[in-house]
Amino acid sequence: MSTIPSSPDTAQAQRPSPASTPLHAPAPHESGLKHTSGEALYVDDMPEPPGMLAGHLVTSPHAHARILRRDASRARALPGVHAVLFAEDVPGHNQVGPVFKDEPLFAEGEVHFHGQTVAVVLAESAALARRAAALVEVEYEPLPALLTLKEAVEAGSFLSDVHTIRRGDSEAALAAAPVRLTGECMTGAQDHFYLETQVTLAVPGEDGAVHLWCSTQHPTEVQTLVAEVLGTGRHQVVVEVPRMGGGFGGKETQAAPFACLAALGARATGRPVKVWLNRDQDMAFTGKRHPFWGRFDAGFDTEGRLLALKVALYSDGGWSTDLSRAILDRALFHLDNAYFIPALHFTGQVARTNLPSNTAFRGFGGPQGMFVMEEVLNRAAERLGLDPTVVRERNYYRDTPANVTPYGQAVEGNRLPRIHAELMSSSDYARRRAEIDAFNATSKWTKRGIGFQPVKFGISFTTSFLNQAGALVMVYTDGSVQLNHGGTEMGQGLHTKMRAVCAHELGVPVERVRVMNTATDKVPNTSATAASSGSDLNGMAVKQACEVIRDRLRPVAARLLQLERGGEADSLVFTGGRVFLPARAERSVSFAEVVHAAYLAQVSLSATGYYRTPDISYDRVAGRGKPFHYYAFGAAVVEVEVSGLTGEHRVRRVDILHDVGTSLVPSIDRGQVEGGFIQGVGWLTCEEVLFDAKGRLLTHSPDTYKIPAVGDAPEDFRVALLERAPQDNTIHGSKAVGEPPFMLAIGAVTALRHAVSAFGPPRTPVELASPATPEAILRAVELARAAAR
Ligand code: MTE
Ligand code: MOS
């Protein structure tokens with residue numbers, strides 16, 4: 001990877017030279033060494049407070065049932081068991097629905113999925129709590145259950161109304177289209193498989209207060225729900241997040257119920273309580289990526305240009321609403337992906353099943369929506385006998401009016417044409433595709449395929465008010481700094497970036513800045529760290545807080561430097577731990593000296609920062625608005641080899657060119673691109689979530705659920721960040737990176753289809769299910785072979 005160009009502001013003459021700032025320079029993850037040595041503290045690593053109890057959940061063994069009788073007397077009689085709590089033991093609201101209040105903390109009267117919490121047992125050890133939980137008697141009357149998305153849609157079981165986005169007369173455009181394609185596709189669920197499972201430690205304090213150490217992406221929501229469950233004010237609840245061992249969306253809302261159980265246990269017993277799920281429990285009790293079902297009707301011209309598209313999307317929300325509506329909205333917002341569709345009619349609705357409540361997962365519905373469009377384009381390419389890359393290029397957003405998305409936002413700063421050209425050339429796509437076709441013509445049992453995938457992803461929470469963040473910067477009199485911001489660290493490198501921003505603004509080495517645990521008593525009323533917007537939002541808030549402090553220090557430094565002329569204080573630079581006038585750099589004063597002098601002069605050395613994204617809004621009823629601050633772009637070329645004997649495949653080579661604006665910390669962004677891509681490949685090729693006929697999760701541990709391992713990484717993996725691409729109105733010209741690269745993995749599906757089609761005659765329509773597991777690929781190969789006979 002080459003050097004990262006300077007963003008607009010660092011390009012200014014009076015700014016420090018690139019070497020004296022940690023911004024835009026590669027750096028290790030701030031916890032990287034601690035992660036690998038085992039020194040990094042996660043919630044479960046914290047020293048156990050004396051008297052701590054373990055919480056164990058008693059859960060429903062039915063997908064849907066009426067509760068007839070409950071008896072905890074045998075469990076309560078066990079020595080060392082301190083309490084068994086049910087719905088009626090909740091002092092406040094027995095409700096943890098994050099947006100819609102349809103999620104009781106404890107089942108009341110009925111259970112709605114296999115694994116729903118009915119009671120919690122609190123005992124002196126985890127083993128004892130588990131033993132006691134088995135003694136809690138609950139009698140059920142099983143009721144009929146809906147266990148698949150299609151069943152739920154057919155039964156009219158929904159968690160939302162229909163969200164519609166439309167433009168032009170799609171019916172007429174479809175009727176007039178020279179090429180018409182109708183069909184459907186499904187995408188599967190995906191378990192988050194964060195390495196650290198759900199966990200909270202709750203410690204009771206004075207006057208009904210409680211302090212929680214929680215593995216959550218959303219400390220404020222945990223605080224809110226704990227306060228509501230306990231029936232107390234939010235000021236009595238502090239939620240602190242040291243770090244997460246991965247979240248991936250699975251701890252945006254779904255850490256809260258377990259945190260509430262821990263807090264409730266602490267309140268009921270007066271003792272510290274830890275609730276920790278083992279892997280099997282975590283996989284069985286928590287929701288996953290939403291499975292989606294898309295039905296489409298598309299019209300093309302004979303050159304593969306899309307004329308009209310109708311799509312009906314359904315998602316499987318599981319038993320409660322959770323974030324399903326916003327996830328469905330984002331799926332609709334990404335049906336277009338990178339392509340202009342003149343006439344369209346999109347609808348989306350969330351179905352309700354008797355399964356765990358599905359939730360946020362990297363991409364937040366975007367991948368599922370985009371998959372439908374890419375499936376349509378792949379089928380069109382197969383039908384028309386065109387290279388799927390050509391079909392994609394012909395449909396890109398272009399100049400106005402062909403730059404307007406289905407929901408009315410113009411695609412500004414479209415970098416895809418540039419990315420397309422650079423990647424086609426750097427990946428040598430055309431030559432390799434020809435070579436692959438030549439290889440396939442002579443290779444009988446293995447075939448290769450190549451796929452190209454462009455991505456356009458909207459950045460911002462689509463619930464516009466969530467786009468706000470805060471920070472609290474505290475400078476101590478020795479010049480060292482504690483940085484608090486509202487975002488949480490889940491491995492994505494947010495703290496590394498925020499520390500770089502803070503060190504840059506104050507002009508101190510990163511070692512002088514310590515990022516503190518995220519805590520609701522430092523920065524209040526935060527949004528989840530989600531929607532890839534963690535560094536965009538918190539970065540601006542950190543910058544603002546630092547600017548306030550820097551401006552307070554200017555007159556102090558000017559006095560120490562004996563600057564006489566007015567206005568000179570404004571020209572002082574803070575860099576490399578020193579403060580000076582660029583024109584007279586030989587006379588400088590250290591940051592620590594300035595800070596100490598400021599303290600003696602009674603100048604405040606701490607400040608809050610705040611940021612909100614300007615000018616975004618969306619009208620869901622009208623299906624129109626500007627939901628996104630900007631778009632992130634990227635593209636991938638994926639090459640695979642498929643065995644026609646086993647259906648197994650290898651990823652031979654991947655080339656990615658991704659747009660992160662001017663990267664805040666390029667090594668971190670590169671890690672996000674690589675990780676996001678591989679996680680996407682997992683979703684599309686090896687991770688398969690299966691339930692049995694009673695709604696029990698079959699794939700509840702790594703022996704039955706396959707995530708990508710090191711052997712599944714591309715044999716040749718070439719990741720580059722787009723150069724000379726600063727973004728306006730973002731933190732130091734950077735762009736969000738957490739989710740967009742996930743969708744680049746759809747290129748693997750296009751590559752697999754190419755390889756599978758080579759087992760049949762030219763223009764064989766490929767029938768490849770998702771995920772494209774070896775079984776699915778072998779079935780598709782058999783169908784292609786049958787077409788040849
Ligand atoms: N990277 C790691 N290592 N671990 C994670 O849990 N979560 C992803 C992404 N990258 C995740 C990750 C998701 S779903 C999101 S929304 C973003 O990180 C959130 O962090 P950001 O907003 O700071 O990018
Ligand atoms: Mo990410 S799915 O927005 O937590």
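This is a predicted model: local features need pLDDT of at least 70, side-chain atom pairs count only at pLDDT 80 or more; totals for chains, interfaces and linings use all residues.
View 1. Residues are numbered from 1 along each chain as its sequence is written, chains are lettered from A and ligands numbered from 1 in the order in which they are written, and side-chain values use heavy atoms, with hydrogens and water left out.

(Helices, H or I with at least four residues, and strands, E with at least two, are DSSP runs numbered from the N terminus.)

How is a pocket found? On a 1 Å grid over the protein atoms alone, a pocket is an open set of points with protein on both sides within 12 Å along at least five of seven lines; a cavity is a set where a 1.4 Å probe fits but cannot get out; lining residues have an atom within 4 Å of a point. Points are joined across faces, edges and corners, and a volume is the space filled by probe spheres set on them.

**View 2. Here is ligand 1 with the 18 residues around it.** Gly247, Phe248, Met490, Gly534 and Gln672 come nearest (a residue is near if one of its heavy atoms lies within 4 Å). A backbone N or O atom of Gly247 sits 2.7 Å from an oxygen atom of the ligand, and one of Ser533 sits 3.2 Å from an oxygen atom of the ligand. In the side chain of Gln672, an N or O atom is 2.7 Å from a nitrogen atom of ligand 1. On its own, ligand 1 has 520 Å² of accessible area, and the protein covers 92% of that (Shrake-Rupley method, 1.4 Å probe). The shell has five nonpolar, eleven polar and two charged residues.

**View 3. The largest cavity holds about 250 Å³ of space.** Among its 22 lining residues, Glu103, Pro257, Phe258, Phe285 and Trp319 are the closest to the centre. Helix α7 (residues 256-269) gives the largest share of the lining, four residues. By class, the lining has 13 nonpolar, seven polar and two charged residues.

Notes. A polar contact is a pair of N or O atoms within 3.5 Å; within protein, one must be able to donate a hydrogen and the other to accept it, and residues adjacent in sequence count only if both atoms are side-chain atoms. Ala, Val, Leu, Ile, Met, Phe, Trp, Tyr, Cys and Pro count as nonpolar, Asp, Glu, Lys and Arg as charged, and the others, Gly among them, as polar.
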